[in-house]
Amino acid sequence: QLLAVDYPEDFIKSLSCQICEHILADPVETTCRHLFCRTCILKCIKVMGSYCPSCWYPCFPTDLEIPVKSFLNTLDNLSIRCPVKDCGEEIRYGKYGQHLSSHKEVKDRELYIHINKGGRPRQHLLTLTRRAQKHRLRELKRQVKAFAEKEEGGDIKAVCMTLFLLALRAKNEHRQADELEAIMQGRGSGLHPAVCLAIRINTFLSCSQYHKMYRTVKAVTGRQIFQPLHSLRTAEKALLPGYHPFEWKPPLKNVSTNTEVGIIDGLSGLPLSIDDYPVDTIAKRFRYDAALVCALKDMEEEILEGMKAKHLDDYLNGPFTVVVKESCDGMGDVSEKHGSGPAVPEKAVRFSFTVMSIAIAQGNENKRIFEEGKPNSELCCKPLCLMLADESDHETLTAILSPLIAEREAMKSSELLLEMGGILRTFRFIFRGTGYDEKLVREVEGLEASGSTYICTLCDATRLEASQNLVFHSITRSHAENLERYEIWRS
């Protein structure tokens, strides 16, 4: 009824859902080549069974595919007349939701909004955040270019390599720096896979960009200086959670005993509800316990050195008490402009943790063998979950983070058995913080963001009270209390 042009009836039929008989919204195609709205077909399969309602050919939710791009472009270019009173403007179907959102008087706006997921294949979340970082580095790139033209005869590559060497030296990565410098001067053999991996990550190169560089260098120099991509992937596996064997005693409730977990994709284990479909979110995460094990193994040398410094026996098997601080913060807009379909503004949120301290009970006292000197530094902050979601969308974040919270709760009442220095040792975990961003919680509770008299909504203390006794006013609210408060606020 809202179509602005009197299209032929057969044409309209070909663009309509065969269940609700409306113009397709978020269209999907079955194996038997029939088109439906995604929500309609999923509800139909749930009620009627796994069959196509048009021809009764077997059809499962996993078989549904997005139609070809040319069809989606035709759908997006339909002319629609705005239903808002005194507007009547003609807009393209693809811009329909965007246009309606500009009308403040429209209630139930989501009833009209069309979702088109077929504009492009979704980029990997890490690629999107890498693009955002490149955008932030634009001014620095300009300065490097200006310096190269003034001092080095326009040789930007030499300036960048020198800066990179200085950065490696500043971080005490002398071995990497020496190898790179030798190769720059035409000496030395090929780089170690771990060094190539560090170079690829620190210079924000995608896999295809690195492969192109690898082939170019090999063709120009006639030597294999950089390692091929497959050897980098092997080196990367050793650095990811899910590489080290471990055990929980007693076993964690509702968590698999498998230790080779790797990356969990999709909605982080959240079961899809047909009524709430689609939950338009991408999340990539590690399992919490596997990530903690990886963090502890990375710190193995520091833990053993800390025991020596405190004159403790190397053969002590624990239990070690590990204090973990969590944080959840928005990473800003990581949207990407692309060729077809509307621009998709997307925000990313990162949930991460930091190992603050490790202590061991010796007699009647706790001896601290490790303490993080810079707890707010990005270097010690371990990412656990990356989400394409808005940090102010508390409900979506709560849904995605629910499996993480369940894993954390299970770890509180169990002990980790992990081999360290050739001996099986026991670790207990204490978690600080609820994992929610302070700004996010302020918004949920209707408080001002920065000028508020409260130092933190997680402990109900004013700035004055907290400054008088910082120890007393620590985190006093749990995830469950936050959920309860959120439900009260929302209703």
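**Exercise 1. Determine how helices α7 and α8 pack in this predicted model.**

Step 1. Take the geometry. α7 (residues 156–170) and α8 (residues 174–184) meet at an angle of about 155°, and their axes lie 8 Å apart. Axes are lines fitted to C-alpha atoms over the stretch in contact, and angles run from 0 to 180 degrees between N-to-C directions. Helices are DSSP runs (H or I, at least four residues).

Step 2. Classify the angle. α7 and α8 are therefore roughly antiparallel (over 145 degrees).

Step 3. List the contact (heavy atoms within 4.5 Å). α7 gives Met161, Phe164, Leu165, Leu168 and Arg169, while the α8 side includes His174, Leu180 and Met184.

Residues are numbered from 1 along each chain as its sequence is written. The model is predicted, so local features need pLDDT of at least 70 and side-chain atom pairs pLDDT 80 or more, totals for chains, interfaces and linings use all residues, and side-chain values use heavy atoms, without hydrogens and water.

**Exercise 2. Characterise the salt bridge between Arg33 and Glu29.**

Step 1. Check the distance. N to O is 2.6 Å. A salt bridge needs a side-chain nitrogen of Lys or Arg within 4 Å of a carboxyl oxygen of Asp or Glu.

Step 2. Check accessibility. Arg33 is exposed at 61% relative accessibility. Glu29 is buried at 17%. Buried means under 20% relative accessible area, exposed over 50%, partly exposed in between (1.4 Å probe, protein chains only).

**Exercise 3. Locate the salt bridge between Asp298 and Lys382.**

Step 1. The closest N and O atoms are 3.7 Å apart.

Step 2. Asp298 sits in helix α12 and Lys382 in strand β11 (residues 382–388), 84 residues apart. Strands are DSSP runs (E, at least two residues).

Step 3. Asp298 is partly exposed at 46%. Lys382 is partly exposed at 26%.

How values were computed:
Parallel < 35°, antiparallel > 145°, perpendicular 65-115°, else oblique.
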